[in-house]
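Trainee: Could you take one part of this model and walk me through it closely? I would like to see how it sits among its surroundings.

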Amino acid sequence: MEVVVAVIVGILFTAGIYLILTQDLLRIVLGTSLLTHAVHLLLMAMSMLKTGAAPLLGRGKEQFVDPLPQALILTSIVINFGITAFFLVLSYRAYQKLDTTDMERMRSESAKHRGRRR
Amino acid sequence: MSLLHLLTLSPFLLAALLPLLGKAVPRLHKGWFAAALSALVFATLLRYLGDIRDGSPIIKSFDWIPSLGISFTVYLDGLSLLFALMITGMGVLVALYSIAYMNAAKESLTRFYVFLLVFMGAMLGLVVSDNLLTLYGFWELTSITSFLLIGYKNEKHRSRYGALKSLLITVAGGLGLLSGFILLYVMSGTYRIRELFEAGAPLMSHPLFLPAMILILFGAFTKSAQYPFHIWLPDAMEAPTPVSAYLHSATMVKAGLYLVARMSPIFSGTSEWFWIVSLGGLITLLYGSVAAIKQTDLKGILAYSTISQLGLIMSLLGLSSLSGIFDGEEQILYAAAGTAAIFHLLNHAVFKGALFMAAGIVDHETGTRDIRKLGGIAQVMPITFTLSLFGAFSMAGLPPFGGFISKEMFLESVIEPLHAGVFGLSTWAALFPIVAWIASVFTFVYSVLFVYRTFLGPRKKPLKNKQIHEAPLLMVIPPVLLAIMALVLGFFPGLVAYSLIRPATEAMIPAVTASGERLPMDLKLWHGLTPALWMTIGVIVVGILLALTAKRWTKVYNFIPRRVSINRAYDISLRFFEHITVRVTSLYMNGSSRSYVKYILGFMLLVLGLILFNSNDVTFRVGAYATIAPYEWVILIGLAAGALAVPFAKSRPVAIILTGTVGYLMVLMFVFLRAPDLALTQMVVESISVTLYLLCFYHLPKLRTERQAVRFRLPNFLVALAVGVLMTLVALTVLGTNPFEPVSDYYVRESYESAGGKNIVNVILVDFRGFDTMLEIMVLGVAAIGIFNMIKLRRKATDVGSRHVSHEGDESEDIAAHFRKAQYEHDGPTTVKAPKEPWIHCVSDLNHDDEENPEDELSDEFEDSESNDSRKKGGDSDA
């Protein structure tokens, strides 16, 4: 299973990076989401998969899966959520103001705006 | 930490406290603090005079970075003490003078005195450091404070130009110095100057000896404004006059001389050292004295005169290095050049300080420093006139001033090499007295003209009807003291000869005291009818003739064309480098963030790939993998397919939903991978995220209908694919390589024992790694504040983005414009040429015309913070 997961990590990275390199602001945000998923899977795979029960004590189990990556991922999920929300609102406001989500056009639009204001 | 350390660091301390002190006593001029501190340090340093006179230096060590062998060792010998006294003594006078000179109402005095104090501290540290690296640090700090002080009037283009020039030249020299020091370390294995002295002969035969010498001399020559690195000093005259008097004549420019004197015991006795130092000094002496005559600005004259006098001292230092190859009588003979150098160093600080202050007074009272406009003000400014006369006579080398004695000694010293017969001196030694004599004539001429054209003769038109009077008392006292001292040094040189000059010279030429004897001092006004006296008489006669006919010579002086000057070479090379930098930088800094992302990814690919390729420990694990149940296959394939489909989605909602699908599949993955907490959290987060995305679309009607697929771009795809493949390889490598004992066992073992929780993941989060979690909550808070600001804040409150400052005729502004132009042209047709401003202004732009005020996202944000908290509470309650 680890090998398959490693391949999927690669696929998620490819898709995420490709989205980040596009010109559309919204797709860039989506790309960062995919990247996060990729990293989470990578972290999981690092400690081998399904080596024991869920890391909950007092249920008569002796062998557990590695709890440390899970703790790291949990932190990551929450922070990623904050960042995604921030990105999203940022792009939302950018669209409201500049009427585009295209990175290239955004630059020229914001330059125009500034020219008008001065 | 000893008293000496404290003394060295006290100016820094006061500099840090000065803004507070200024607030506490706002009506007191801040110069008083600086003056008081300098006086205190000066008086404390005088206590060491006795020890130093007896030839016993003081050494105090304080470990700074012991692991690198860097200690802040303070070493006070004659040379250091002379400089330290000069620095603090002049510091007192300059600070007093500046109280009257600097207008408290108009200028930011805190800034001025903070820079001045930092400079004083750096200079003190420089002369007492025994460690080469500490010395270097202080050396650079003097360059930086000099830069700040020259550019003090930063609204003036000339100030900024002069400041930059001095910084570029002196810091370039400083880097040379650092390389030289490092070479010395490579050769000897020590950074301590004292230990380097003892390294001796093996050092001299080392192949790196000559490069180290040249690099160190490069540093010294740039700092002491030796030809051809002198060009920064005249431009440094843009600084306020107290600064010119202090940094650019009395102290900082002498740091180079100090270094040469300090390094003399290591390098002297080699022909390269002798020729570079003495000849470099001689050329500078001649060049400076000739150039000074051409100047029409009082401070310009003094600047070139300073260059010339520094050259004089430098050549004396070179001549004194001859004592390194002789013994006995002859050694003492050549060491006299060292005595002359040290004595002239002191004399120069005294008379040049007085003259600079006089020039400042004239400027302050008449409003001009142009000698073509000045004249005939001796009657109204009798004190300033007299002290200028004293200073100028001392500079010209006339009796009965201190300058006469050192000048005589200089002329004697340049005659001596005629009999040396080493280093090819039998052929070239005649050069020394001839050049020295010519330069002395010119020195005489400009000294006389300085006084004559400023104070005597008829009043000229621009100042004819102006009311001119003597400067305020506080402004006159410091230069008067210096002028009196110039006289005292002439009549009673014995006052300093044994207490200061002898120990300083002995520190420079330790060989003379090797046999336990002391260096004989021979400082007096009347030496008898020596050749030097005849030379002086010749200087006076020819000098008076030249001064009387000065007008006729103007054309000859201006013969050197301006177009081929070193200044021009500096300007052209600076412009050239700026141009090249702009071109090269705009090649890759094209303003597109996607390009930057590609650079980062490319670099990551390169480094990670190389490490993977090169490391031998990498193994791929075979077998013993977890099994995959059929339903897990479905999820895995779904994950891959969902991710791959996102870039191909034509409309944005489809892309969003596909990403959401991947997220929910991840939830399922977490379930099967025995991670219930992750699954729960991911579930919540994914639901909110997708809602957020779709909410955005609800408020942006156009986006809902806009259909646009991502255009396929091969370079992007290749980069993405390469990263994907690399990450797969990394994942596989990690599986096979496990060199360390996993730390997780500890958590499993201790979760209940130490922390009392049964949910190991939660215990790790809230207990073992509690700080991480706290910071994580902070990140969420910051994000929430950011989102709140973006939505709530109106433009009114943040309208600072439109502020734009520009200076007309500003070169650097033009360069910036050029840079922007190049940047935007490169960027493709869709861009508009416009100045780029920091991103923070863009945020204020966004808030410009905001009609609606959706708070949904915000509340979502808070919701999650809560859920985050509750998750932790759950962890606790489990316990």
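Mentor: Let's begin with B:Asn131, which touches B:Ile70, B:Ser71, B:Phe72, B:Thr73, B:Tyr191 and B:Arg192, leaving out residues up to four places away in sequence. Two residues count as being in contact if their C-beta atoms, placed from the backbone, lie within 7 Å. B:Thr73 is 58 residues from B:Asn131 along the chain, yet their C-alpha atoms are separated by 6.3 Å. You will find B:Asn131 in the loop between helix H5 (109-128) and helix H6 (132-150) of chain B. Is B:Asn131 buried or exposed? B:Asn131 is buried, because 23 other C-beta atoms lie within 10 Å; the cut-off for buried is 20 or more other C-beta atoms within 10 Å of a residue's own, while exposed means 12 or fewer and partly exposed lies in between, with C-beta atoms placed from the backbone.

A word on conventions: this is a predicted model, where local features need pLDDT of at least 70 and side-chain atom pairs count only at pLDDT 80 or more, while totals for chains, interfaces and linings use all residues. Residues are numbered from 1 along each chain as its sequence is written, and chains are lettered from A and ligands numbered from 1 in the order in which they are written.

Stepping back to the whole of chain B, there are 37 helices and four strands. Helices (H or I, at least four residues) and strands (E, at least two) are DSSP runs, numbered from the N terminus. Of the 879 residues in chain B, 45% are buried. Among contacts in chain B with a separation of 6 or more, 79% come from residues 24 or more positions apart.

Now for the nonpolar cores, each a set of buried Ala, Val, Leu, Ile, Met, Phe, Trp, Tyr and Cys residues joined through C-beta atoms within 7 Å. The largest has 204 residues, and the members that touch the most others are B:Leu82, B:Leu117, B:Ala354 and B:Ala486. Helix H16 (residues 328-366) of chain B gives the most to this core, with 21 residues. Setting aside neighbours within four places in sequence, B:Leu82 is in contact with B:Ile342, B:Leu346, B:Leu500 and B:Ala504. A second, separate core of 90 residues includes A:Ile8, A:Ala15, A:Leu98 and B:Val748.

The C-alpha atoms of chain A fill a box of roughly 70 × 30 × 15 Å along the principal axes.

Where the two chains meet, the contact takes 82 residues from chain A and 90 residues from chain B. On the chain A side, helix H1 (2-20), helix H2 (25-46), helix H3 (67-98) and helix H4 (103-117) each give two or more residues. The largest share of that side, 24 residues, comes from H3(A).

One more helix of chain B is worth a look: H14 (residues 271-294) has 24 residues and reaches 35 Å from its first C-alpha to its last. That is close to the 34 Å expected at 1.5 Å a residue, the expected span being 1.5 Å times one less than the number of residues. H14(B) is mostly covered, with 18 of its 24 residues buried.
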